Amino acid sequence: MSTPSHTDAGHALPGPPSLVRSLRARRGGAVPGLRYRPAAPADPEKAAEIDRRLEAWARGLDLFPAQWSGDFAQFQVGRAVVLQHPGAADLERLTVAGKLLLAENIVDSCYCEEDEGRGAARSGLGGRLIIAQSALDPFHGTPGLEEEWRRGVQADGPLRSYHWALKDYAALATPSQTDRFVQDIARLHLGYLAEASWAETRHVPQVWEYLVMRQFNNFRPCLSIVDAVDGYELPEALYARPEVQRVTALACNATTLVNDLYSFTKELASDPTHLNLPQVVAAHDKRGLKAAYLKSVEIHNQIMEAFETESAPLSALSPLLEKYVRGLSDWVSGNHEWHATNTDRYQLPDYW
């Protein structure tokens, strides 16, 4: 579609006036002023073993397009899951968390990231994502059509990644935990579609609208498996409670905004119109990207504070809720550490 957006021209995305000059080369460490808790250090031998297992799995299923040579090591999947799940019950569960994370990134990159030159496009994204969802949420029909569906899923790398990652997760998770993950991927796909729609129509959302989209297009599928990876189940009756859903959402939103802040320069270097929180804030505040970035840090901090404040009384209600909240907090801390130290992927703007 080329329909004009209902956002007026005065809310156009600013884009970086000179992104190259705004970078600090290879800067590591935390975003100044960002609220976070230190993560438990990642055991390098454990991370290397997870990477070895994941690469063997991915190569065996032929999941990577040819042009992805070198990407696997740069992403540091093993280190990511070791940081995010310090309470993991065993290496098998850590490996499965890595398979799910890898599959989510393969689908995102191949189906959604138009600027990466890997065949993705905004047009037709809904059709691709509904088939991707079926790789997790199986099609039920006539025997012949089910066989055609199975062949179609196995013929495509991103679909294979979803199918086999979920199969391995379901072998160690309960049916309820598996269904929870499948539903959270559907939320993720809805967020992908909203972002693609806004990009196609050049709509610049209000800040609250953008944050609604990011509550769906976020890391929730990764956080919703913390109990399974740690070797227990938070029962559905507890998980579904509104206050548990709220702290889960707050944790997911905080960690997703961490990604917005650390990937800011990387995204704008490849696409100056890419939607992220600083871009959206700048479009509405009209005070430039630096002020918008610093305001975005404060938005993150308020969400992070709400998570910490509201999760504390939940932890006191039961040992299972205490474990679950700790798992969420560990994931948020580990994900921040991965972003702050992954200088091959992320560099900060020179705003301080």
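A residue is taken as buried when its relative accessible area is under 20%, as exposed when that area is over 50%, and as partly exposed in between, with a 1.4 Å probe and protein chains only. The structure is a predicted model, in which local features need pLDDT of at least 70 and side-chain atom pairs count only at pLDDT 80 or more, whereas totals for chains, interfaces and linings use all residues. Residues are numbered from 1 along each chain as its sequence is written, and side-chain values use heavy atoms, with hydrogens and water left out.

Of the 352 residues of the protein chain, 51% count as buried. The chain holds 17 helices and zero strands, these elements being DSSP runs numbered from the N terminus (helices H or I, at least four residues; strands E, at least two). With contact meaning heavy atoms within 4.5 Å, 77% of the contacts in the protein chain between residues at least 6 apart in sequence join residues at least 24 apart.

Aromatic pairs were assigned to rings of Phe, Tyr and Trp (its six-membered ring) whose centres lie within 6.5 Å, with planes under 30 degrees apart counted as stacked, over 60 as edge-to-face and the rest as tilted. By this rule the count comes to 10 aromatic pairs. One of them joins Tyr293 and Tyr351, and because the ring centres lie 5.5 Å apart with the planes at 70°, the pair is edge-to-face. Tyr293 belongs to helix H16 (residues 288–315) and Tyr351 to the segment after helix H17 (319–341), so that the pair links parts of the chain 58 residues apart. Tyr293 is buried at a relative accessible area of 0%, and Tyr351 also counts as buried, at 12%. A further edge-to-face pair is formed by Trp338 and Tyr346, at 5.8 Å centre to centre and 75° between the planes; Trp338 is buried at 4% relative accessibility, as is Tyr346 at 5%. Tyr293 and Tyr351 also belong to one aromatic cluster with Phe264 and Trp352.

A charge is taken to sit over a ring if NZ of Lys or CZ of Arg is within 6 Å of the ring centre and within 35 degrees of the ring normal. The charged end of Arg180 is placed in this way over the ring of Tyr239, 4.0 Å from its centre, and that of Lys323 over the ring of Tyr232, 4.1 Å from its centre.

Helix packing was described by axes, which are lines fitted to C-alpha atoms, for helices over the stretch in contact, with angles running from 0 to 180 degrees between N-to-C directions. Helix H15 (residues 277–285) packs on H16 at an angle of about 120°, with the axes 8 Å apart. The two helices are therefore oblique to each other, given that angles under 35 degrees count as roughly parallel, over 145 as roughly antiparallel, 65 to 115 as roughly perpendicular and the rest as oblique. Residues making the contact include Leu277, Val281 and Asp285 of H15 and Leu289, Tyr293 and Ile299 of H16. The axes of helix H4 (residues 91–112) and helix H5 (residues 125–134) come within 10 Å and cross at roughly 155°, which makes H4 roughly antiparallel to H5. Here Val107, Tyr111 and Cys112 in H4 meet Leu125, Arg128, Leu129 and Ala132 in H5.

Val204 lies in the loop between helix H8 (175–201) and helix H9 (207–216) and counts as buried at 7% relative accessibility. Val204 and Ala283 are 79 residues apart in sequence and 7.8 Å apart in space, C-alpha to C-alpha.
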